Amino acid sequence: QFTSRQLIKWRNPLYDDIRNTIARNTLVFLVEDEILSREGKKKYDEFEHTVEEKIKNAVAGKTLTASVGKLYGFTFGDFETFVLYPQARREVMRDDFGDEEQFAAWFEDAKKKHRVNFFFMPYTWEGGGVKNPSQK
């Protein structure tokens with residue numbers, strides 16, 4: 001947990017590059033996960049079921065609820081949403097290709113084909129990635 005004193009320091013202009021990098025990388029993560037979800041559903045009907053099975057197998061017999069709260073400050077539901085599901089989607093699609101290089105090439109191409117709009121943000125989606133036109 002951040003204290004108000006730490007938050008005030010975080011707003012220091014010296015940290016602008018770090019804040020921009022975190023914001024950009026967060027957007028990349030969210031967009032990539034949405035692309036994987038859409039492409040997975042297009043590719044085969046059982047995609048979401050396969051993702052859920054992968055998560056069930058990963059957490060079976062483990063007591064993660066308390067650990068997740070202490071380590072990340074998340075509820076287990078948030079941990080599933082922001083960590084487990086995106087990772088499982090990526091793994092299911094990668095497994096479908098059977099080869100990391102083929103998956104990476106396909107994913108780069110898929111990211112370039114999708115059009116993404118950000119509203120009320122200084123970012124654009126170009127060439128499969130998030131760009132900040134106001135920065136060099």
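The side chains of arginine 38 and glutamate 34 meet in a salt bridge, with 2.8 Å from N to O; the term stands for a side-chain nitrogen of Lys or Arg within 4 Å of a carboxyl oxygen of Asp or Glu. Both residues belong to helix H2 (residues 16-43), where they sit four residues apart, about one turn of the helix; helices here are DSSP runs of H or I with at least four residues, numbered from the N terminus.

Arginine 38 is partly exposed at a relative accessible area of 48%, and glutamate 34 is also partly exposed, at 39%. In these terms buried means under 20% relative accessible area, exposed means over 50%, and partly exposed lies in between (1.4 Å probe, protein chains only).

## Basis of the model

This is a predicted model, in which local features need pLDDT of at least 70 and side-chain atom pairs count only at pLDDT 80 or more, while totals for chains, interfaces and linings use all residues. Residues are numbered from 1 along each chain as its sequence is written, and side-chain values use heavy atoms, with hydrogens and water left out.

## A link between helices H3 and H5

Glutamate 48 forms a salt bridge with arginine 89, their closest N and O atoms being 3.9 Å apart. Because glutamate 48 lies in helix H3 (residues 47-59) and arginine 89 in helix H5 (residues 76-97), the pair ties together parts that are 41 residues apart in sequence. Glutamate 48 is partly exposed at 23%, whereas arginine 89 is buried at 13%.

## Further salt bridges

Glu32, Arg90, Glu108 and Lys111 are linked in a network of salt bridges, and the count by this rule comes to 13 salt bridges.

Terms used
Helices (H or I, at least four residues) and strands (E, at least two) are DSSP runs, numbered from the N terminus.
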